[in-house]
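Open the model in your viewer and keep the selection panel at hand.

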Amino acid sequence: MSLTNLLSAESIQQIDREVAKYPAEQSRSAVMGALRIAQTEKRFLTNELIEAVALYLNIAPMAAYEVATFYNMYDMKPVGKYKLTVCTNLPCALSGGYTTADYLKQKLGIGFNETTADGKFTLKEGECMGACGYAPVMLVNNHSMCNHMTPEAIDKKLAELE
Amino acid sequence: MTVYVKGVVFGDVDFDNPDCWRLEEYVKRGGYAALKKIINEKISQDDIIAEMKTSSLRGRGGAGFPTGLKWSFMPRSFPGQKYLVCNTDEGEPGTFKDLDIIVYNPHALIEGMIIGGYAMGITVGYNYIHGEVFEAYQRFEEALEEARAAGFLGDNILGSDFSFQLHAHHGYGAYICGEETALLESLEGKKGQPRFKPPFPASFGLYGKPTTINNTETFASVPYIVREGGQKFLELGKPNNGGTKLFSVSGHVNRPGNYEIPLGTPFADLLEMCGGMRDGKKLKAVIPGGSSAPVLPADIMMQCTMDYDSIAKAGSMLGSGAVIVMDETVSMVSALERLSYFYHEESCGQCTPCREGTGWLYRVVHRIAKGEGRPEDLDLLSRVGDNIAGRTICALGDAAVFPVRGMLKHFRHEFEDLIKDAQTAKPL
Ligand SMILES: Cc1cc2nc3c(=O)[nH]c(=O)nc-3n(C[C@H](O)[C@H](O)[C@H](O)COP(=O)(O)O)c2cc1C
Ligand code: SF4
Ligand code: FES
């Protein structure tokens with residue numbers, strides 16, 4: 001199916017803006033942005049979606065597939081409505097990163113790379129997000145960063161995520 | 001906001017003002033004056049590059065390469081397209097300075113890149129932004145729009161015949177893309193796998209064209225140098241280590257954050273600015289330049305000044321300026337275990353010594369940390385390290401080995417104790 005049938009007009013517009021950033025013969029450069037936009041709308045990437053992105057950018061499906069599998073933030077498998085990624089790298093760990101991770105595991109009743117039975121939350125372990133000054137740090141659905149994620153802050157955040 | 005002491009880059013940014021990042025506020029603080037000066041006075045490319053050399057600005061991305069010299073490598077009369085690239089892929093654990101730059105003072109970076117483009121005769125630039133900071137990427141896009149609308153960016157800048165287009169590219173989670181040639185591959189829409197060098201980006205860069213790559217903080221320092229002069233910048237720091245530098249301090253201090261201080265400031269002073277050690281604990285060790293830098297024990301660190309030369313003399317490196325502070329409660333084995341896991345995870349897998357070696361390093365440190373180490377493991381770690389360092393396409397291999405060597409040099413006894421007595425294990 002063509003990408004214009006799979007994604008909203010708004011997403012297509014965003015992808016076109018990405019394409020315009022690069023020289024006309026280098027549409028491949030827009031593949032990272034296009035996959036991100038597609039994933040944001042559909043929550044995770046299916047082979048069909050990846051192929052449609054490739055077709056839209058006029059690149060080989062394999063080229064898009066390679067990118068989708070290389071970068072950590074693309075999800076190739078279904079994830080919950082909210083994907084929570086907790087940073088446990090050393091700087092965060094020194095300021096409670098593992099406490100945050102353990103608290104989330106206990107509260108949600110799942111481990112890393114698991115999704116709650118109701119399909120609401122997926123928990124992931126992340127690497128340094130370049131925000132260690134705000135440790136412990138957690139990312140919601142790849143794009144929304146939450147700072148100083150103490151257990152109290154987690155309670156508050158989870159209550160907000162409906 | 002995490003900036004507590006301001007220098008060249010953050011100047012008079014008023015963090016309490018939610019609009020401090022906007023163009024209007026930037027101009028009020030003297031922003032874009034350097035660009036106007038260059039255009040109005042028709043300052044020559046050679047003069048700008050000479051000023052950069054005088055400043056002794058060294059690349060803030062990790063390697064500390066002199067920026068003026070790098071700019072002079074760009075073939076200025078090359079007939080085809082050339083590119084200017086900024087590295088905001090800040091992923092070196094402990095580093096969080098570039099994030100604050102694009103969030104609170106993005107126009108300093110934009111102005112620095114425009115000046116770079118002018119000085120090297122480049123008309124197109126990209127800023128590659130770390131995947132995990134999407135909101136900062138959006139902020140930067142907005143700042144670009146402001147600069148275009150004001151005529152600082154785009155065609156015929158300020159009515160001159162100089163044009164410069166700048167775009168943001170958003171990464172999506174791969175530490176290796178901080179390495180400059182992996183970054184270029186990624187910008188081309190490919191897997192972020194580093195290229196063999198030579199050829200270097202100055203001759204074969206983005207889309208095979210001559211390309212100059214600098215770190216965010218490097219570019220953001222340029223307007224000051226042009227406005228105030230290279231000599232003044234140099235004098236802020238010390239010879240061969242010009243200017244102020246952002247230090248991202250994390251770990252066991254009372255006030256983690258970014259401190260923009262003159263190069264050459266004693267570490268003891270920096271620690272004091274951070275409010276000292278958290279909970280009154282004793283300082284045990286510091287990783288002074290991001291996770292790839294060898295650890296230094298407290299007594300050596302307290303004698304160091306924060307500049308490239310002093311930290312190198314102490315056997316480590318200033319790197320990206322990420323200062324990870326650890327108190328007496330931290331097990332160095334557990335700290336190393338976490339870092340080794342990181343490098344193993346982030347190896348792009350292209351070269352065997354790195355792909356296999358980082359796995360070995362992690363597994364051996366992991367079993368020691370669990371209390372299952374064997375007496376011969378420490379020699380094994382050294383041997384595996386020797387088989388990686390200097391034998392790989394990019395410096396991630398070395399970056400994985402340096403922390404191991406540093407830990408074994410200064411804290412070998414902790415590893416030995418843990419191998420003898422599993423009870424001493426202490427996870428992070
Ligand atoms: C594994 C690896 C990761 C790197 N990560 C970064 C990074 O996140 N940001 C950065 O500016 N430089 C990073 N570098 C250094 C870049 O390759 C390059 O030297 C730098 O961007 C040049 O800019 P500068 O001269 O202004 O420092 C990394 C290098 C390696 C080997
Ligand atoms: S050293 Fe490691 S990260 Fe660098 S190119 Fe080789 S395998 Fe990839
Ligand atoms: S270590 Fe967690 S954001 Fe850097």
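Predicted model: local features only at pLDDT ≥ 70, side-chain atom pairs only at ≥ 80, totals over all residues.

Residues are numbered from 1 along each chain as its sequence is written, chains are lettered from A and ligands numbered from 1 in the order in which they are written, and side-chain values use heavy atoms, with hydrogens and water left out.

**Stop 1: ligand 1**

Select ligand 1 and the 18 residues around it (a residue is near if one of its heavy atoms lies within 4 Å). B:Gly61, B:Lys70, B:Asn214, B:Asn215 and B:Thr218 come nearest. Strand S5 of chain B, residues 211-215, gives the largest share of this shell, with 3 residues (strands are DSSP E runs of at least two residues, helices H or I runs of at least four, both numbered from the N terminus). By class, the shell has 4 nonpolar, 8 polar and 6 charged residues; Ala, Val, Leu, Ile, Met, Phe, Trp, Tyr, Cys and Pro count as nonpolar, Asp, Glu, Lys and Arg as charged, and the others, Gly among them, as polar.

Next, display the polar contacts (pairs of N or O atoms within 3.5 Å). The side chain of B:Lys70 places an N or O atom 2.9 Å from an oxygen atom of ligand 1. From the backbone, an N or O atom of B:Asp89 is 3.3 Å from an oxygen atom of the ligand, and one of B:Gly178 is 3.2 Å from a nitrogen atom of ligand 1. Ligand 1 alone exposes 620 Å², and the protein buries 89% of that (Shrake-Rupley method, 1.4 Å probe).

**Stop 2: ligand 2**

Move to ligand 2, which is surrounded by 13 residues. The closest are B:Cys348, B:Gln350, B:Cys351, B:Cys354 and B:Cys394. Which classes make up this shell? There are 8 nonpolar and 5 polar residues, and no charged ones.

**Stop 3: chain A**

Select chain A and colour it by secondary structure: it has 8 helices and 5 strands. The C-alpha atoms fill a box of roughly 50 × 35 × 25 Å along the principal axes.

The 5 strands form an open sheet of mixed pairing, in the order S2-S3-S1-S4-S5 (two strands pair if DSSP finds at least two bridges between them). Strand S2 (114-115) and strand S5 (144-146) of chain A are at the edges with a single partner strand each, so one side of each has no neighbour in the sheet. Zoom in on strands S1 (residues 82-87) and S4 (residues 138-140) of chain A, which run antiparallel and are joined by 3 bridges. A:Leu84 has A:Val140 in S4(A) as its bridge partner.

Key. Polar contact = N/O pair within 3.5 Å; in protein donor to acceptor, adjacent residues only side chain to side chain.
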